[in-house]
Amino acid sequence: MFRRPVPLVAGGALVLALLLTPIALPAASPRWSYAGEQGPERWGSLDSDFAACASGHQQSPIDLTAAAPSDLPDPQIAYQASAGRIGDTGHGVQVDLEPGSWLTLDGTPYALLQFHFHSPSEHTINGSSFPAELHFVHRAETGALAVVGVFITVGAENPTVAALLSALPGKVGKEARLAEGVDPAALLPADRRTYRYAGSLTTPPCTERVSWLVMASPIQVSRTQISALARALHGNSRPVQPRQSRPLVLDTSP
């Protein structure tokens with residue numbers, strides 16, 4: 001996940017301010033990038049606030065291998081169609097949504113704030129990546145964050161992705177209103193089983209204590225749509241991080 005994240009503070013005010021910041025931000029000289037002198041291997045040394053990128057012990061993404069099967073309480077996903085804005089932040093394609101969609105995890109409600117894309121996928125399964133990955137970013141009243149990851153593979157054309165791509169402005173830092181709104185639920189697989197683990201933001205400052213739920217089944221988009229996403233995203237994926245001793249669970253029920 002991306003978008004100038006900041007460390008959690010009392011009440012999560014800084015995180016909320018970040019995630020609700022309008023898309024149209026200057027992006028000509030980002031403090032970090034996905035390649036070169038400001039690439040992922042150097043994030044931890046670019047700024048003292050980014051130290052967790054190098055020294056953290058619960059970093060994301062990870063390889064989703066050897067997950068322990070378990071019948072966990074199912075998260076309740078209550079997404080609804082709403083107005084939104086789409087733009088290129090300089091680090092990827094992001095859609096900011098109006099309030100109204102929720103994820104309830106272990107009894108705690110999290111509001112859906114935005115979703116964005118990475119290409120290729122950041123998480124892998126048994127060392128293999130997918131052409132793209134979608135991240136739905138949620139925040140609880142306490143400031144806690146939960147992210148739902150959805151893998152994207154080649155298949156049938158996806159009408160929701162088609163509408164997003166057609167609305168995407170052609171310049172970094174520009175945004176556009178989605179005239180027809182967007183239904184986040186249309187970007188979820190029918191099979192809702194998830195890999196779950198404790199991780200971090202996948203962009204600086206790599207803040208930890210993020211609850212990750214990565215869907216075990218991908219959604220399909222056409223090869224043309226995959227190519228369009230890849231062109232727009234310019235390889236905005238952080239390499240897989242060490243799992244350390246963290247538990248990784250695969251829910252056995254949808």
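**Reading a disulfide and a helix pair**

Modeller: Let's start with the cysteines: the link of C53 and C206 is right-handed, with 90° about the S-S bond. Keep in mind that this is a predicted model, where local features need pLDDT of at least 70, side-chain atom pairs count only at pLDDT 80 or more, and totals for chains, interfaces and linings use all residues. Residues are numbered from 1 along each chain as its sequence is written, and side-chain values use heavy atoms, leaving out hydrogens and water.

Colleague: How many disulfides does the structure hold?

Modeller: A disulfide is a pair of cysteine sulfur atoms within 2.5 Å. The structure holds 1: the sulfur atoms of C53 and C206 are 2.1 Å apart. That pair links distant parts of the chain, 153 residues apart, with C53 in helix α3 (residues 52-55) and C206 in the loop between β10 (194-200) and β11 (208-215). Helices (H or I, at least four residues) and strands (E, at least two) are DSSP runs, numbered from the N terminus.

Colleague: Is C53 buried or exposed?

Modeller: Buried means under 20% relative accessible area, exposed over 50%, partly exposed in between (1.4 Å probe, protein chains only). C53 counts as buried because its relative accessibility is 8%, and C206 is buried too, at 0%.

Colleague: And at what angle do α4 and α5 pack?

Modeller: Two packed helices are described by the angle between their axes and the distance between the axes. Helix α4 (residues 159-167) and helix α5 (residues 223-233) pack at about 40°, axes 11 Å apart. Contact (heavy atoms within 4.5 Å) is made by V161, A162 and L165 of α4 and Q225, A228 and L229 of α5.

Key: Axes fitted to C-alpha atoms, helices over the stretch in contact; angles between N-to-C directions.
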